[in-house]
Amino acid sequence: MAPVPAPRSRRLAFVVFALLAALVLALDVASWRPPPIYKRYLVDENNPAMPIVEQRPVRLTYELSGPIPRSLSFPANAEPGRELFVRVTAGEAVLAEAVLAKPSMEHRVALAPAPSPTSRLVVEFSSRVSRPNLAPQVSYATMGPGDDGHVERGPPNRPGLEILSPYKGPLLVFEYGTWTRHLRFGWILALVLVLFGLRHGRVAPWALVAVGLCVVGASVRLWLAHYGINSSHYDADGYARNAQNLWRYLTVPEARERLVAWFHTYPHVQNSLAPSVMVAAQACGLAVTPSYVFLSACAGCVAVLVFHRSLREGLGLEAPLALAGATLFAVHAGVQRAFARPVTDALGLCLVVIGLDLLLARSREPRRGQLVGLGVLAFFLPLARPQGPAIVLFLSVALVALELARERRLLRALGRTVATFFPATLAVLALYLAFDWFHNTELMLRKARLYRRFATWPNLGLSLLYVVQALPVLWCFVRLRRGGGGALRRGALLFVGWMAFYVVMLVVVQAPYWPRHFLPLVPGAIGLAVLGCARLEGRQRGLALALLLLLAVIDVAWVESLIGDFPEPAFALWID
């Protein structure tokens, strides 16, 4: 068996990852696109097509809050003989002129750099066709560009000029180039390191660091693509704004009364662990959103390294299996989505993986530090994620089961569990009472009920398929009955119990069955698959290992394809 990486090696790998991730984000943040023109990029179903007729050009004037875009992307219906003319200007400078003569869901017009700094961009659509039923068409958006822009139709500065916004506007996306796109080529190095690490166990942490850095690039680019189309992805659930308001509460005394009223109406103020960390970042002069992305990336890296330790040490698996499982975990589509994004998903996943790791370690070799770690988690989980209290409940039940299986003394198992979780639970309860977080929790549940239309059985099935992919092929080799091997059997029971508990919890509370809400199932799904591989030998194990690596490659390719083609779903309601 290959040597097990020392804890010091993993800690050093994390430090190197954090430094490199900070460098990558520092180089990339200047090119991050501003929030999108429209709050939501959907075609107006009532009036989807905007004919562009002669003498009635349509102009979008927009005040930029960031750099000049690299290109524009938009759907349009044009043909030879009824061409669509596109002109983009910034002040007196012409950044692009194009003639479009074919229908396309995704026309792209590249923009030249502005000769001087500018904050105003004008996009004009025109044609030489006078009849509306024959004229080329662009899409109407569901809403106008808001306070940062306006849309006009007609000759400029002449009678007959019509102001369309805030009710209408041409549907288009500003596209920006990011430095992290170069990390796509890092996948080759990551693959080489993973293949090398399959034979040399001590290389595994560094292979996972290389994989993690590539995931940072993919995750950031996917986030940019998401919020470039739907502004709600820019600061999902308002955690970054919460961090800014916490900082203002500490530094602007005259604003405290108004901020207290805002905190009272904010549904997620009880989950302020990540915003509290970002308050410290603001105290160091750092911007909130990049700090949030960096925090998520660090949490994602810790989750990957701890999951690798769980497979290698907690379950005692061989080095190739542990590295293959950890690699698939890191590049899983759901993990890539959350890895470097300003949401609390990566932080919550990290805490779940740490909790499972502590339980696995205790089932193998009980130590007092494991109980201390579980107690600390019981304090942080409710402050990190809305599902935190339910996860603490699972950890407490699992600890009782482990202690009971080990010592066969129910009262001692219950007493040890109470001693582990009661102080943290009492501290969290005190915070809820002191700040009236029960009111905010009720607001959160009321908000969740607005999305119950997504809590359908088809959505549940699709989200589970998104998580488990082809992994159930390997689950059938797992043994849960006695005689299946001590550590492996206990690990399998823990993973099965965790997955069953979490799915039942989501069904009971009727949470929206969105794929991101099923992210905590990923370590259990992959852990069971790796345990199934461990039951195989010879050629069968080689095929199972190849399946894990194949799924990893598919996940990488899938996420990269989503990044490259993501403007297309925004125009899914386009009617030809």
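Buried means under 20% relative accessible area, exposed over 50% and partly exposed in between, with a 1.4 Å probe and protein chains only. This is a predicted model, where local features need pLDDT of at least 70, side-chain atom pairs count only at pLDDT 80 or more, and totals for chains, interfaces and linings use all residues. Residues are numbered from 1 along each chain as its sequence is written, and side-chain values use heavy atoms, leaving out hydrogens and water.

Select W223. W223 is buried, at 0% relative accessible area.

How far apart are the ring centres of W32 and W223? They lie 5.2 Å apart, and the planes stand at 85 degrees, so the pair is edge-to-face. (Rings of Phe, Tyr and Trp, using its six-membered ring, pair if their centres lie within 6.5 Å; planes under 30 degrees apart are stacked, over 60 edge-to-face, the rest tilted.)

Trace the chain between them. W32 sits in the loop between α1 (7-28) and β1 (49-51), W223 in helix α3 (residues 204-227), 191 residues apart. (Helices, H or I, have at least four residues and strands, E, at least two; both are DSSP runs numbered from the N terminus.)

The structure holds 21 aromatic pairs. Select Y249, W262, F263 and Y266: ring pairs link them into a cluster.

**Last stop: two helices**

Select α7 (residues 288-314) and α8 (residues 319-331). Contact means heavy atoms within 4.5 Å. Among the contact residues are F307 and L311 of α7 and L323 and F329 of α8.

Notes:
Axes fitted to C-alpha atoms, helices over the stretch in contact; angles between N-to-C directions.
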